[in-house]
Amino acid sequence: MTDPLLSIRGLELAFDTFDGPYHAIGGVTLDLRPGEALGLVGETGCGKSVLTRAAFGLLPSPPARIVAGSVKLAGRELVGLPERDLRSIRGAEVAMIFQDPMTYLNPVFRVGTQLVDAIRAQSKGRIRKAEAKDIALAMLEKVHLPNPERQFRAYPHELSGGMRQRVLIAMALAAKPRLLIADEPTTALDVTIQAQILRLMGELVEDMGLTMIMISHDLGVVAQVCSRVAVMYAGQIVEDAPVERIFDAPSHPYTRGLLKALPHPFKPADSLASIPGSLPDLLHPPTGCRFAPRCPHAGPACVSGPVPFADLAPGHRAACRLHLEGGVLGGTGALAETA
Amino acid sequence: MSDAALSAAPAARRPMRFRETRRMAATYSRSISAMLGLALVVLFLATAAFGPMVAPFPEDAVGAVNFEAKLLPPSAEHPFGTDQVGNDIFSRVLFGARTTLQIGLTVTGIAILIGVPLGLIAGMTGGWVAETIMRVTDIFLSIPGLILAIAIVGALGPGILNAMVALSLVWWPGYVRLVQAKTLSLRNEVYVDAARALGAGPFRILFVHVLPNCLSPIVVKASMDMGMAILGAASLGFLGLGAQPPFPEWGAMIAQGRSYLPDWWWCAFFPGLAIYLTVLGFNLMGDGLRDVLDPRQR
Amino acid sequence: MLELDDLRIHFPLASGEVVKAVDGVTLKLAAGETVGLVGESGSGKSTIGKAALGLIPATSGAIRAGGEDVVGASAATLRRLRSRAQIIFQDPHASLNPRMTISRSVAEGLILNTPLRGRALRERVAELLARVGLPEQFLNRFPHELSGGQKQRACIARALALDPEVLVLDEPTSALDVSVQAQILTFLKELQAARPSMTSLFISHNLAVVRFLCQRVAVMYLGRIVEEGPVAEVFENPRHPYTRALLAAAPAPEANPRAKGPRVDYVELTGDIPSPVNTPPGCAFHTRCPVARKGICDVDRPADLDVGPRHRAACHFARDLEAA
């Protein structure tokens, strides 16, 4: 097995607020191997965006504060690295794209100018302008932007939302980063445009061997691109599995609840299961499993202390006592029956 | 955070409204400049309220003449010194605070009374009514306020009352602009649509849904304008168009003291310091209030 | 109960151009029916929702809601309409006045349209909120103290306060998380059973949600309905190429959805949605349509063709497109 490209170990992060520390990330451990496309899924406030931003030093401190843990990119420790070094890593080794592409394009400069500038900045000025333009055009071609020569001279507002997102993907990939982080890249787009962008991202992963973390609230979107899915709840990863296993053998009660709550366009259902209760107050996070207060299977063991991961299959782990030896329901068999 | 707040462990159960107020108070008090502003404003208000009662020489404020004590430097008896007719400057500054507060409140108050309704009308109606209001506002805004005020006082004749009238007349357009812009954006809020769907008429939408949500920026602007109005009145007083000597008004006092600079510096210095601190106080307080009430306007 | 007849809503722009947000829509909702209105941005689906309540004036055509003519209605008629038709918006946070308590917001419609006051009003509001699952402690809270789902419940209570016959739901769950969406959808489903005579127009871009809640569905593209019919029929046997593309693009929550999808051969669309200012001539969809033919689709506006029981599609080739 190859060494992980990104290795997060026991990362804990808190925001200092007026009411005390808000424990946004509570001990996340995650490995990402080169060429993997990981979907990071969860509901609002689960910490999926915060996690990736914290890992690459994008959160202003204060109020954000890394309490414990380490983040290693290709073996190099990022926690505690000065801002200057982090910035060069973000430009050249880790690229990011976000939900609203318009926010990240300067409205008064042509798309081409911004692309060329970004490429030259990423190379720290080693690439000459003409060369950068060739790279930019090649990248626009690669993201299937129609008419790249013309769009190169266009201003951002002349492009549609889907085209802007393609430009940002081109900009992000121009420096040949080792890791692409896509934070809800299609949430602002229409369904048919979303399908186009998702197809493009799937293509990039397969053909270019891109390593990617895709953050999304939508399991359906992640399923189209990613080979592996990590489900987050209240600042922790609760389940991490190959995409087929997440849908066919979901093992954490939260993942199951989430799947049962989703209506399906082609499988009519008479009722949806909803998850009772609401997110725990992360100013005072529950000890033990953070999902226990809403979990139908919770028992006294669940709240007594932190829950370790149980390995269920190759690459499939879930942080639930049900799957640990001597669990509430006595091992994995019991929960499989309730599915 | 106090111990009492910490011991109330289930924080969510406490009425959230008070938490919100507490959070706002905490945000405000965390800013040193905002607290300094508040302190200066409180000092000013206290002076306006009690100053005349504690002034050592109350008769000096109304124009007593005591040539034996003229132009004395600051001392224990006369902390700010005395002026050319022997009046105690400290007493006159204390009396002046009340005049200044009156000017500030009147000018800002009248400006709000004229400007806010006009802004609401312009924002809610549209069409030629709004167009007329906004163009007249533009005309007023395009003439420097103080020059216009000087012209108005010139027509009405100098005096503290006329100065206040003149300043009020040039002050309202800012409120029209502010309230009109705010109303325009609030008018398109989804909750206004929801209210219309429930059958709310234009007046109900105006007074129940739009006006209450305009209040924060009005309060912020009013706080800043208190300082600016005081400065404006002092300028008119300095030019001899506002309060007339021996009336204890800070601007007029500087105007008189000016001829005794630099040797008898205290005649102009202490009224000037009073103006400076008061205006600074209101501005710092306004900045702090804006950060708390209207964080997006930064 | 709710009828749109050749409805057109055009917005003139300052530049002299005209946005044809809604361009000839005919749709009839029978009493007790829930009809989904599906489309992407610029399709005009939300404009129809607001126009149905008289919040946006129609340019031409007719709207009848709860037996009242909405287009050109007098103030008195519109007031009568308020107790018969209500609307729930997408963003529950923006649709509650931030300076009003929840109970005050819910009471608004009752204050305006009924003689209820004082204690009786308070009791009615508490009852309404209890019905949507908000217990008494929420009465005096402000919107920012509630979660998104709780706010949307309050909005539903506000809309139901006047016992409307017609309810317009404008993307009511799009701003909510999946688990909260499931709660709201379940509640709406229960509401359908509890009030069998209430007619709902459910506006959404989410096909899965429409499938769950609606009996019929109308698919819109650039201000026109391109296909309309019973939900199962449209989803399983779509006859308009746009509907097919929309269904193919819907992200289904399963592993490798492309392999398992119902119709792998439905084509993915290329290009962007044209602007509603310059709608293409003929069939508005012909610029992106995989089956469009020169000389027909870019010239003639397709008429509605009956392609099944209560199932129509506005495509020249709707009958030629093979049934699944």
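A: Between chain C and chain A the count of salt bridges is 0, a salt bridge being a side-chain nitrogen of Lys or Arg within 4 Å of a carboxyl oxygen of Asp or Glu. The model is predicted, so local features need pLDDT of at least 70 and side-chain atom pairs count only at pLDDT 80 or more, while totals for chains, interfaces and linings use all residues. Residues are numbered from 1 along each chain as its sequence is written, chains are lettered from A and ligands numbered from 1 in the order in which they are written, and side-chain values use heavy atoms, with hydrogens and water left out.

Polar contacts do cross this interface: 11 residue pairs of chain C and chain A are found, both residues at pLDDT 80 or more. Such a contact is a pair of N or O atoms within 3.5 Å; within protein, one must be able to donate a hydrogen and the other to accept it, and residues adjacent in sequence count only if both atoms are side-chain atoms. On the side of chain C that touches chain A, two or more residues each come from α6 (178–194), α7 (207–213), α9 (241–249) and α10 (257–260) of chain C. Helices (H or I, at least four residues) and strands (E, at least two) are DSSP runs, numbered from the N terminus. The largest share, 9 residues, is given by α6(C). By type, this side of chain C has 22 nonpolar, 9 polar and 10 charged residues; Ala, Val, Leu, Ile, Met, Phe, Trp, Tyr, Cys and Pro count as nonpolar, Asp, Glu, Lys and Arg as charged, and the others, Gly among them, as polar.

In total, 41 residues of chain C and 40 residues of chain A are in contact, that is, with heavy atoms within 4.5 Å. About 3,500 Å² is buried between chain C and chain A, 59% of it from carbon and sulfur atoms. Buried area is the accessible area (1.4 Å probe) that two parts lose on being put together, summed over both. In chain C, V178(C), P251(C) and P253(C) lose the most area to chain A, together 17% of what that side buries.

The structure as a whole holds 39 salt bridges over all chains. One of them pairs E171(C) with K45(C), at 3.7 Å from N to O. E171(C) lies in the loop between β7 (166–170) and α6 of chain C and K45(C) in helix α1 (residues 45–52), so the pair ties together parts 126 residues apart in sequence. E171(C) is buried at 6% relative accessible area, and K45(C) is buried at 7%; buried means under 20%, exposed over 50%, partly exposed in between (1.4 Å probe, protein chains only).

Another salt bridge joins R216(C) and E228(C), whose closest N and O atoms are 2.3 Å apart. R216(C) is in strand β9 (residues 216–221) and E228(C) in strand β10 (residues 224–230) of chain C, 12 residues apart. R216(C) is buried, at 7% relative accessibility, and E228(C) is buried, also at 7%.

R312(C) and D304(C) form a further salt bridge, with the closest N and O atoms 2.7 Å apart. Here R312(C) is buried at 14%, whereas D304(C) is partly exposed at 42%. A network of salt bridges links E33(C), R216(C), E228(C), D304(C), R310(C) and R312(C).
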